[in-house]
Amino acid sequence: MSNFYRAHNVNTGDITNISANNYYHYDGRSRNAVEKLREHIAAGAMPDSAERCDAPKCHPETRVAVQDELVNWIEHGDKEEEPKRIVWVTGPAGGGKTAIMGSTADTCQKKGLLACGFFFSSFTGSTNRRLKRCLVATLAYQLVQHKALRDVSERILSCVEHDPAIFEKQVEVQFDQLLLQPLQEARMDSDRPKVMFIDGLDECQAEEDKDAPRSPQEAARANAADQREILHALLKAANNPSFPFRIIIASRPEHTIQSFFTNIARHTTRRIFLDDKYNPDADMLLFLDAKFAEIRREYQLSASWPSSDVKQTLVENASGQFIYVATAMRFIEESSTPPQELLDQVMALRRQDVSANPFAPLDALYTHILSSSPNPLLAARWLSLVFRSSYLQGLNSDKKWSARKSLCMYPKNTRAISDP
């Protein structure tokens with residue numbers, strides 16, 4: 001048994017941290033390697049980061065089926081007739097992918113299954129969350145900090161120590177040297193973690209060259225190239241027998257990503273499409289029941305408010321997209337105006353034809369929220385900055401729609417606009 005077993009606050013010069021059941025020994029050189037690694041991560045992209053404290057999560061008892069399916073695959077996927085190493089969670093914008101990924105990552109963390117993760121975001125948080133250059137370092141940093149992967153940690157830090165320029169190399173090279181090789185060479189405990197999360201891959205964007213600005217078409221091609229590079233590195237890892245983790249990737253079904261999973265990675269990937277199979281309407285009704293119950297308690301309203309027909313209409317307006325009911329409820333509950341009046345306003349919006357555009361009711365709701373802002377001029381100026389910026393000029397129409405979701409950063413009424 002170690003002389004440090006269950007020791008506390010021991011200082012032997014180079015040891016930086018000793019706690020109850022384990023100790024982390026970083027000599028001066030290792031500390032430098034940890035600090036060097038820390039300089040290249042996107043801390044806000046980690047599953048438990050403070051930057052993600054308000055990130056969307058599944059409301060209790062909603063999206064249970066898909067979460068259970070993911071956790072069951074992580075724990076027992078090896079027993080399937082044709083085991084897959086990657087799961088691709090996909091669906092249209094507003095379908096709840098990030099909420100599902102965040103809630104499932106939390107579950108895996110509690111079960112000791114989570115190895116590491118990266119949550120891309122092109123509209124909220126730090127700039128590093130939308131760039132590929134911080135991906136591998138961020139994943140490696142989480143493995144270094146994982147208490148069940150001490151041998152892996154030492155090998156990752158050794159790599160950083162011997163090649164400080166590793167962070168400037170291609171993604172695949174970084175994967176090989178910072179992740180694959182340390183995992184291949186290390187001794188793995190039986191209680192090791194089992195899964196890696198990559199969320200919002202479609203929001204990964206290429207770095208811009210200020211001296212040579214790209215056209216919208218060039219920007220789209222550069223973004224797609226970076227996403228493909230990441231996908232190839234992940235696939236190479238998944239196909240390596242020594243790589244111990246399953247990989248869950250979430251994104252919209254954009255052409256580059258869908259083509260990769262349909263053609264190149266089809267034998268390695270299991271696809272979960274967030275459609276009616278997972279009964280989103282039932283989940284939305286559960287969500288509405290819970291949120292309206294909170295409002296009734298706070299305002300001492302009748303138990304019959306609102307009627308079942310009203311809730312059903314809200315679900316129908318959502319067209320399977322959780323973001324509609326989440327936005328409506330945030331608008332209703334986060335204002336000094338009586339909630340009955342705000343609900344009446346939402347219900348009074350002209351019914352939209354969803355056959356041509358399933359997001360038409362959501363567009364109408366956003367328009368109403370913005371028009372009822374306490375400072376419409378400021379809201380208009382803020383929107384103008386967003387949509388006229390050269391940054392957004394390179395996005396396709398689907399991502400421009402997604403930009404509207406980022407309006408949750410704007411206070412008061414516009415804060416109602418957010419992810420589910």
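Student: Where is P306 placed?

Tutor: In this predicted model, P306 is found in the loop between α9 (280-299) and α10 (308-318). The peptide bond that joins W305 and P306 is cis, with omega at about -15°.

Student: What is the phi of N279, and where is N279 placed?

Tutor: N279 is not a glycine, yet it has a positive phi of about 50°. This residue belongs to the loop between β7 and α9. With a relative accessible area of 42%, N279 is partly exposed.

Student: Let us turn to the sheet. How do strands of a sheet pair in general?

Tutor: Strands pair through backbone hydrogen bonds, and the pairing is either parallel or antiparallel. In this structure, five strands form an open sheet in the order β4-β5-β6-β3-β7, with parallel pairing. β4 and β7 (269-273) stand at the edges; each has a single partner strand, so one side of each is left without a neighbour in the sheet. From one strand to the next, the twist averages 15°.

Student: How many bridges join β4 to β5, and which residue is the partner of G117?

Tutor: Five bridges join strand β4 to strand β5 (residues 195-199), and the two run parallel. F197 in β5 is the bridge partner of G117, while V195 in β5 is the bridge partner of L114.

Student: How does β5 pair with β6?

Tutor: β5 and β6 pair in the parallel sense, over five bridges. The bridge partner of F197 in β6 is I248.

Student: Which strand pairs with β7?

Tutor: Strand β3 (residues 86-90) pairs with β7, in the parallel sense and over five bridges. In this pairing, I86 stands opposite T269 of β7.

Student: Which helices pack against these strands?

Tutor: Helix α2 (residues 64-76) lies across β3, β5, β6 (246-251) and β7, and runs at about 150° to β6. Helix α3 (residues 97-111) also packs on the sheet, where it touches β3, β4, β5 and β6. The direction of α3 makes about 160° with that of β5.

Student: How should I read the two faces of a strand, and are those of β5 covered or open?

Tutor: In a regular strand the side chains alternate between the two faces of the sheet. For β5, V195, F197 and D199 are on one side and M196 and I198 on the other; all of these are buried, and both faces are covered. Because five of the five residues of β5 are buried, the strand is largely enclosed by the rest of the structure.

Student: How many cavities of 30 Å³ or more does the structure hold?

Tutor: There are two of them. The largest holds about 50 Å³ of space, and its lining consists of R63, P92, G95, L274, D275, P280, G320 and Q321. By class, that lining has three nonpolar, three polar and two charged residues.

Student: What lines the second largest cavity?

Tutor: This cavity, with a volume of about 30 Å³, is lined by N317, A318, Q321, I323, Y324, P358, F359, P361 and L362. At least two lining residues come from each of α10, α11 (322-333) and α13 (360-371). The classes here are seven nonpolar, two polar and no charged.

Student: What figures describe the protein as a whole?

Tutor: The secondary structure comes to 16 helices and seven strands. Of the 420 residues, 51% are buried. Among contacts between residues at least 6 apart in sequence, 74% join residues at least 24 apart.

Definitions and conventions
Residues numbered from 1 in each chain as written. Predicted model: local features only at pLDDT ≥ 70, side-chain atom pairs only at ≥ 80, totals over all residues. Heavy atoms only, no water. Pairing = 2+ DSSP bridges. Helix = DSSP H or I, 4+ residues; strand = E, 2+ residues; numbered from the N terminus. Axes fitted to C-alpha atoms, helices over the stretch in contact; angles between N-to-C directions. Contact = heavy atoms within 4.5 Å. Buried < 20%, exposed > 50% of the residue type's maximum accessible area, 1.4 Å probe, protein only. 1 Å grid on protein atoms, 1.4 Å probe; cavity = no way out; pocket = protein on both sides within 12 Å on 5 of 7 lines; lining within 4 Å. Points joined across faces, edges and corners; volume = space filled by probe spheres on them. Nonpolar A, V, L, I, M, F, W, Y, C, P; charged D, E, K, R; others polar.
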